[in-house]
Amino acid sequence: GKLGKKMDERIFNLNKQIIDRVYDLICFVYPVKGNDRDFARFFVLETVARVPYFAYLSVLHLRETFGQRTTDGTKDGEEMSDRMRTHYAEADNELHHLLIMESLGGNSNVIDRVLAQTMAFGYYWYVIVVYFLSESAAYHLSELIEDHAFNTYDVFLKNHGDRLKKMPVPEVAHKYYELDNPFLFDLFCTVKEMGADGTFSTRRPKLESLYDVFVNVRDDEREHWKTLCNLVQYDNMQGCDASDVKSTEPMPVEP
């Protein structure tokens, strides 16, 4: 497949330092102990992680208001409306992750709520500025967040899966993953796997326990990551096939 572009290592390193420090802070304040306080950690993470999609939409709406119809301003560019719909679907998906964590009591402590909302408010305006200056830099911030999110949920499932398998499925998860119209769910999965028959796969989750819910939340984060990698490296949501997606790499800058 075609090679994706790399990112200026100065921007790459700045983004990585910011995201790693925020993530490390959350991990320090909310260590995983295998009890109900773990859901507070995920509540904070999901509150912050969904904010960039609002920021992208805010800037894109403003550009659309002033007449821009494609993402790069040329007639051959990706339709602005397509990208906006996908970002809305991503925000809707993250909202349901948040609602799941709230249903598990993740937002029961006022300190957790204030911390999460304060971080989200500040991060929203930061991403707005970055997105105005460089869309790829702003998408890279979220690429790093979604990669952390996938790994966080993956480790949690491996270490606490037995406990989760004994816990029931929250009603909000049952409604979102199994009952709701799947249009928005399919819309954020922009980099689909192709099956042996040449058709693209669709996820239709079946939930039997809280373990299955967390598996799907984890897999959602990977879908976001794939879309963001394509946006950073190709400026196109379908820049490369699912099997070819890889993390953005830094490009050394000549001294």
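## The largest pocket

In this predicted model, the largest pocket has a lining of 18 residues, and V22, I26, L45, V48 and I145 are the ones nearest its centre. Two or more lining residues come from each of α1 (9–29), α2 (38–49), α5 (110–133) and α6. The space in the pocket is about 270 Å³. By class, 13 of the lining residues are nonpolar, three are polar and two are charged.

A pocket here is an open set of points on a 1 Å grid over the protein atoms alone, where a 1.4 Å probe fits and protein lies on both sides within 12 Å along at least five of seven lines; lining residues have an atom within 4 Å of a point. Points are joined across faces, edges and corners, and the volume is the space filled by probe spheres set on them. Ala, Val, Leu, Ile, Met, Phe, Trp, Tyr, Cys and Pro count as nonpolar, Asp, Glu, Lys and Arg as charged, and the others, Gly among them, as polar.

## Basis of the values

Residues are numbered from 1 along each chain as its sequence is written. Because the model is predicted, local features need pLDDT of at least 70 and side-chain atom pairs count only at pLDDT 80 or more, while totals for chains, interfaces and linings use all residues; side-chain values use heavy atoms, with hydrogens and water left out.

Helices (H or I, at least four residues) and strands (E, at least two) are DSSP runs, numbered from the N terminus.

## Nonpolar cores

The largest nonpolar core has 64 residues, and the members that touch the most others are F42, Y56, I100, M101, Y123, Y177 and F214. Helix α6 is the largest contributor to this core, with 10 residues. A nonpolar core is a set of buried Ala, Val, Leu, Ile, Met, Phe, Trp, Tyr and Cys residues joined through side-chain atoms within 4.5 Å. Buried means under 20% relative accessible area, exposed over 50%, and partly exposed in between (1.4 Å probe, protein chains only).

Helix α3 (residues 51–65) has 15 residues and spans 21 Å from first C-alpha to last, close to the expected 21 Å at 1.5 Å a residue. The expected span is 1.5 Å times one less than the number of residues. Buried positions in α3 are V51, P52, Y53, A55, Y56, L57, V59, L60 and R63. These buried residues pack against α2, α4 (80–103), α5, α6 and α9 (210–234). Just after α3, G67 has a positive phi of about 100°.

Helix α9 has 25 residues and reaches 36 Å between its first and last C-alpha atoms, close to the 36 Å expected. Of these 25 residues, 21 are buried, so α9 is largely enclosed by the rest of the structure.

R83 is in helix α4 and counts as buried because its relative accessibility is 0%. Beyond its neighbours within four places in sequence, R83 is in contact with L60, T71, E78, E135, Y139, L231, D235, N236 and M237.

H160 is in helix α6 (residues 135–164). With a relative accessibility of 18%, H160 also counts as buried. Leaving out neighbours within four places in sequence, its contacts are V32, K33 and G34.

## The loop between α9 and β2

D235 lies in the loop between α9 and β2 (250–251), just after α9. Although not a glycine, D235 has a positive phi of about 55°. Most residues other than glycine have a negative phi. D235 is partly exposed, at 29% relative accessible area. The C-alpha atoms of D235 and D72 are separated by 8.8 Å, and the two residues are 163 apart along the chain. D72 is in the loop between α3 and α4 and is partly exposed, at 42%.

S243 is in the loop between α9 and β2 and is exposed, with a relative accessible area of 64%. From S243 to F66 the C-alpha distance is 37 Å, across 177 residues of sequence. E249 is also in the loop between α9 and β2 and is partly exposed, at 34%. The C-alpha atoms of E249 and M7 are 6.3 Å apart, although 242 residues separate them along the chain. Leaving aside neighbours within four places in sequence, E249 is in contact with K6, M7 and F12.

How values were computed:
Contact means heavy atoms within 4.5 Å.
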